[in-house]
Amino acid sequence: MQYHARAQGILGGFSTEFNSRAYNLNNEEAEKLAKSQAGVLLIKLPDGQKMPQPSKNSTDKMVYNIDAASPDFHVQDAGLLTSLTEKKFPFIGEVGLSAILVKLEGNAMSSPVYAADSSIRVIYVAKGSGRIQVVGINGASVLDTKLTAGHLCVVPRFFVASTIADGEETEYLSMITATQPLFGDFTGETSVWGALSPQVIQASLNLTPEFEQVFTAKIKKSTILVPPQD
């Protein structure tokens, strides 16, 4: 973080000569500009000094209440998932990002998913706690840990992640380094398994035809958000 004021800031780092020439000031004015602020980052305003009110135009452009938005998925007893792209919030597209808010009921699960477009996910836990497992592209477990409110977790490109909430409601926000992210699901109607033929699944997982049918049927009945087990 760069500090522009006070002696340790950008202005204080330049000599009086440089500041005076850059800002068209005399030496006394340049010295005063660079060293008048003695505070560090957080400063207290003098009594009677007021700051301008926020601009509504800027607020509407740069702030979005994802918590109040209609969810993309809502599963009874499991939770909800709300995605945010430039279609809803143009500014997030301008900075090359998108976001997903997940709210899980106690002991509910967000099933395994990966970013198929090579984007990276940064997950921030805003409320509650739970367990996350991340599997790498070689099929090895790379992370199996508990996350609590305030924790930050990075999921590398093409890695698969899944979470299970503890006994309380858990909320986390994923920031994604793509404006229109493409995710691959392993469960539900859009499961990547559903795109494969029975023969490919049998060979890939070494399953009998009978068990492959059971597996495929149960996948189609599953959901992205999974309620707690009875």
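1. Throughout this note, a residue is called buried when its relative accessible area is under 20%, exposed when that area is over 50%, and partly exposed in between (1.4 Å probe, protein chains only). The structure is a predicted model, in which local features need pLDDT of at least 70 and side-chain atom pairs count only at pLDDT 80 or more, while totals for chains, interfaces and linings use all residues. Residues are numbered from 1 along each chain as its sequence is written, and side-chain values use heavy atoms, with hydrogens and water left out.

2. Helices (H or I, at least four residues) and strands (E, at least two) are DSSP runs, numbered from the N terminus.

3. Which residues is leucine 225 in contact with, leaving aside its neighbours within four places in sequence? With contact taken as heavy atoms within 4.5 Å, the partners of leucine 225 are Val75, Ala78, Gly79, Leu80, Leu81, Val102, Leu104, Met109 and Ser110.

4. Helix 6 (residues 198-205) and helix 7 (residues 209-221) have axes that come within 10 Å and cross at roughly 105°. Axes are lines fitted to C-alpha atoms, for helices over the stretch in contact, and angles run from 0 to 180 degrees between N-to-C directions. Helix 6 and helix 7 are therefore roughly perpendicular to each other (65 to 115 degrees; under 35 counts as roughly parallel, over 145 as roughly antiparallel and the rest as oblique). Pro198, Ile201, Gln202 and Leu205 of helix 6 meet Pro209, Glu212, Phe215 and Thr216 of helix 7.

5. Six salt bridges are counted, each being a side-chain nitrogen of Lys or Arg within 4 Å of a carboxyl oxygen of Asp or Glu. One of them joins lysine 103 to aspartate 67 at 2.5 Å, N to O. This pair links distant parts of the chain, 36 residues apart: lysine 103 lies in strand 3, and aspartate 67 in the loop between helix 4 (56-62) and strand 1 (73-75). Lysine 103 counts as buried because its relative accessibility is 15%, whereas aspartate 67, at 47%, counts as partly exposed.

6. Lysine 127 and glutamate 169 form another salt bridge, with their closest N and O atoms 3.6 Å apart. Lysine 127 belongs to strand 5 and glutamate 169 to the loop between strand 9 and strand 10, 42 residues apart. Lysine 127 is partly exposed at 40% relative accessibility, and glutamate 169 is partly exposed with a relative accessible area of 29%.

7. Arginine 131 and aspartate 144 meet in a salt bridge of 2.7 Å, N to O. Arginine 131 is in strand 6 and aspartate 144 in strand 7 (residues 141-148), 13 residues apart.

8. Leaving aside neighbours within four places in sequence, leucine 182 is in contact with Tyr114, Ala115, Ala116 and Asp117.
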